[in-house]
Amino acid sequence: MGNWLLSILSDPNTRWILLGCLLLGFSSGIIGSFTFLRRQSLMGDTLAHAALPGICIAFMLTETKSIGWFLLGALVAGIVATFGISWITRFSRIKQDTAMGIVLTVFFGIGVVMLTRIQHSASGSQSGLDKYLFGQAASMVQTDVYVMGGVCLVLLIACLVWFKEFKLVSFDPGFARGMGLPVGALEQFILLLTVIAVVAGIQAVGVVLVAALLVTPAAAARCWTDSLALMVLLAGLFGALSGAAGTLFSTLVPNLPTGPVTVLAATVLFAGSALLAPRRGLLARKLRSIQARSEYLREEHASLQTLSAQAKMQERGEM
């Protein structure tokens, strides 16, 4: 096992992919915890799909396949999408989940139209933008890993500095507003951090699957603890483990895409957590149910025996 792992890590390209997926999973798990607790799991999916037209516009303006320009275009598109969601919910009676669905479909539809037009243009054959739909982790290079490292550091520092504020906004925004905290600004800041995490993960996982790295590790971590700090840490570790598993399995099996395998690894972790967690797991709840039923039947049996003994004593007294 050790020799096999060393042989894989001896390839420089594999090392960069592994490190990039580790950083991506860790950062997505951290910020995804707050998205999950605020019941905005669809937000990551919305922002990921909204990034596609930003990538296409960046290519149309520069006519070069530059990761930096693509990330900038995706970031701008994600920010526009968040303001669009806020505008719809604020100036209409439409709820946030419906607004996210509207923005998701509109932006993704625009992106697909642009992508089709680019692919049929003179420079479309060299664009490779279709890889951003499902990701292409194998194309990661050293500079991409540096970008992901910077993103991971920014998200980690932001969560450490504003942890108490994020906690209040996630659990009780009304109380946070009563304490004088700028709840609206904090919510937009969390959305901005989510956009950054989504944009960083598009190259590896793609716009279709990147939302899974925001939601699934956080959902798995929630099964194990009621502490927010521990949940955020576990979500980051689960995300990093998913990224490592996706890279290693895709390296072991030829022609196996890293991004989808990473998402499947995160799903396996969630399934194991949902099944085996000591308090919230299905097995633990089933055992508690069986124990409670056994205790109830034991008490019921003891009560019946007591009543029977009392009845016999009364019969003897009457005799």
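## The second largest pocket

Sorted by class, three nonpolar, six polar and three charged residues make up the lining of the second largest pocket. Here Ala, Val, Leu, Ile, Met, Phe, Trp, Tyr, Cys and Pro count as nonpolar, Asp, Glu, Lys and Arg as charged, and the others, Gly among them, as polar. The model is predicted, with local features needing pLDDT of at least 70 and side-chain atom pairs pLDDT 80 or more, while totals for chains, interfaces and linings use all residues. Residues are numbered from 1 along each chain as its sequence is written, and side-chain values use heavy atoms, with hydrogens and water left out.

The volume of the second largest pocket is about 220 Å³. Its lining consists of Arg 38, Gln 40, Phe 83, Ile 85, Ser 86, Thr 89, Arg 90, Gln 96, Gly 184, Glu 187, Gln 188 and Leu 191. Two helices, H4 (67-90) and H10 (183-205), each supply at least two residues of that lining. H4 gives the largest share, five residues. On a 1 Å grid over the protein atoms alone, a pocket is an open set of points with protein on both sides within 12 Å along at least five of seven lines, a cavity is a set where a 1.4 Å probe fits but cannot get out, and lining residues have an atom within 4 Å of a point. Points are joined across faces, edges and corners, and a volume is the space filled by probe spheres set on them.

A salt bridge needs a side-chain nitrogen of Lys or Arg within 4 Å of a carboxyl oxygen of Asp or Glu.

How does the exposure of the two partners look, buried or partly exposed? Arg 38 is buried at 13% relative accessible area, while Glu 187 is partly exposed at 26%. Buried stands for under 20%, exposed for over 50% and partly exposed for what lies in between (1.4 Å probe, protein chains only).

## A network around Asp 226

The whole structure has five salt bridges. Arg 222, Asp 226, Arg 279 and Arg 280 are linked in a network of them.

Another contact joins the side chains of Arg 280 and Asp 226 at 2.6 Å, N to O. These residues are 54 residues apart, with Arg 280 in the loop between H13 and H14 and Asp 226 in the loop between H11 and H12. Arg 279 counts as exposed, because its relative accessibility is 59%. Asp 226 is partly exposed at 44%, and Arg 280 is partly exposed at 35%.

## The largest cavity

Rolling a probe the size of a water molecule over the atoms shows where empty space is left. The structure holds two cavities of 30 Å³ or more, and the largest cavity has a volume of about 40 Å³. Cys 21, Leu 24, Gly 25, Ala 204, Val 205, Leu 213, Gly 239, Gly 243, Thr 258, Gly 259 and Thr 262 line the largest cavity. H2, H10, H12 and H13 are the elements that give two or more residues to this lining. By class, the lining of the largest cavity has five nonpolar, six polar and no charged residues.

Ala 240 belongs to helix H12 and is buried at 13% relative accessibility.

## Surface patch and overall fold

Leu 153, Ile 157, Leu 160, Val 161 and Trp 162 form a nonpolar patch on the surface, with about 510 Å² of accessible area together. Trp 162 lies in the loop between helix H7 (142-161) and helix H8 (163-171) and is partly exposed at 34%. Patch residues have over 30% relative accessible area and no salt bridge, with like charges joined within 9 Å and nonpolar side chains (Val, Leu, Ile, Met, Phe, Trp, Tyr) within 5 Å. Areas come from the Shrake-Rupley method with a 1.4 Å probe, and for residues only the protein chains shown count as cover.

Stepping back, the chain has 14 helices and zero strands. Helices (H or I, at least four residues) and strands (E, at least two) are DSSP runs numbered from the N terminus. Of the 319 residues in the chain, 42% are buried.
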